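Subject: Handover of a structure and notes on its contents

Dear colleague,

Please find the structure below, together with its sequence.

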Amino acid sequence: MIAEEGRIEEDFRLGAKRLTELGREGRLQPLDPLILDSIVLGTLNQLLCLHFAGYLMLDRGVLEAALSACWRAISLA
């Protein structure tokens, strides 16, 4: 568990808006921003690992599919 004073101050940007902005607008599931960041950044991190290990070719289609899946995972829409 991360203590309040040790929390990450940066807010992940998804497109033109930050996750906290999207949350305030009611567009995201009511989760801690660290969880939302982890869902998106964890996915991207794993894609990069697979790419550098030679298992996955990253192209526009793969990245768009992954970001779309992340959006569906955290959005209320």
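Is R60 buried or exposed? R60 is exposed, because its relative accessible area is 65%, and a residue counts as exposed over 50%. Please bear in mind that this is a predicted model.

Overall architecture

The protein contains 3 helices and 2 strands. Read from the N terminus, these elements follow the order β-β-α-α-α. The protein has 77 residues, of which 18% count as buried. Among its contacts with a separation of 6 or more, 58% are between residues 24 or more positions apart.

Helix α3

Much of what I found concerns α3, which covers residues 60-74. This helix has 15 residues, and the distance from its first C-alpha to its last is 21 Å, close to the 21 Å expected at 1.5 Å a residue.

Which residues of α3 are buried? They are A66, C70 and I74. These residues lie on the same side of α3, because they cover an arc of only 60° around the axis. For C70, the relative accessibility is 5%, so this cysteine counts as buried. The face of α3 turned away from the buried side carries the exposed residues R60 and R72.

The ends of α3

What caps the N-terminal end of α3? The cap is D59, with a side-chain oxygen 3.1 Å from the backbone nitrogen of G61. A polar atom of the D59 side chain also lies 2.9 Å from the backbone nitrogen of V62. D59 itself is found in the loop between α2 (33-52) and α3. Its relative accessible area is 40%, and D59 is therefore partly exposed.

Beyond the other end, S75 lies in the segment after α3. S75 counts as buried, because its relative accessibility is 7%, and the limit for buried is under 20%. Leaving aside residues up to four places away in sequence, S75 touches R27, L28 and Q29.

Salt bridges

Side chains of opposite charge can pair when their charged atoms come close. How many salt bridges does the structure hold? It holds 2 salt bridges.

One of them joins the side chains of R60 and E64, at 2.9 Å from N to O. Both residues lie in helix α3, 4 residues apart, which is about one turn of the helix. Whereas R60 is exposed, E64 counts as partly exposed, because its relative accessibility is 44%.

In another salt bridge, the side chains of E25 and R27 meet at 3.9 Å from N to O. E25 has a relative accessible area of 40% and is therefore partly exposed. R27 also counts as partly exposed, because its relative accessibility is 39%.

Cysteines

A disulfide is a covalent bond between the sulfur atoms of two cysteines. How many disulfides does a search of the whole structure find? The search finds 0 disulfides.

Yours sincerely,
A colleague

Conventions
Residues numbered from 1 in each chain as written. Predicted model: local features only at pLDDT ≥ 70, side-chain atom pairs only at ≥ 80, totals over all residues. Heavy atoms only, no water. Disulfide = S-S within 2.5 Å. Buried < 20%, exposed > 50% of the residue type's maximum accessible area, 1.4 Å probe, protein only. Contact = heavy atoms within 4.5 Å. Salt bridge = Lys/Arg side-chain N within 4 Å of Asp/Glu carboxyl O. Expected span 1.5 Å × (residues − 1). Arc of directions from axis to C-beta. Polar contact = N/O pair within 3.5 Å; in protein donor to acceptor, adjacent residues only side chain to side chain.
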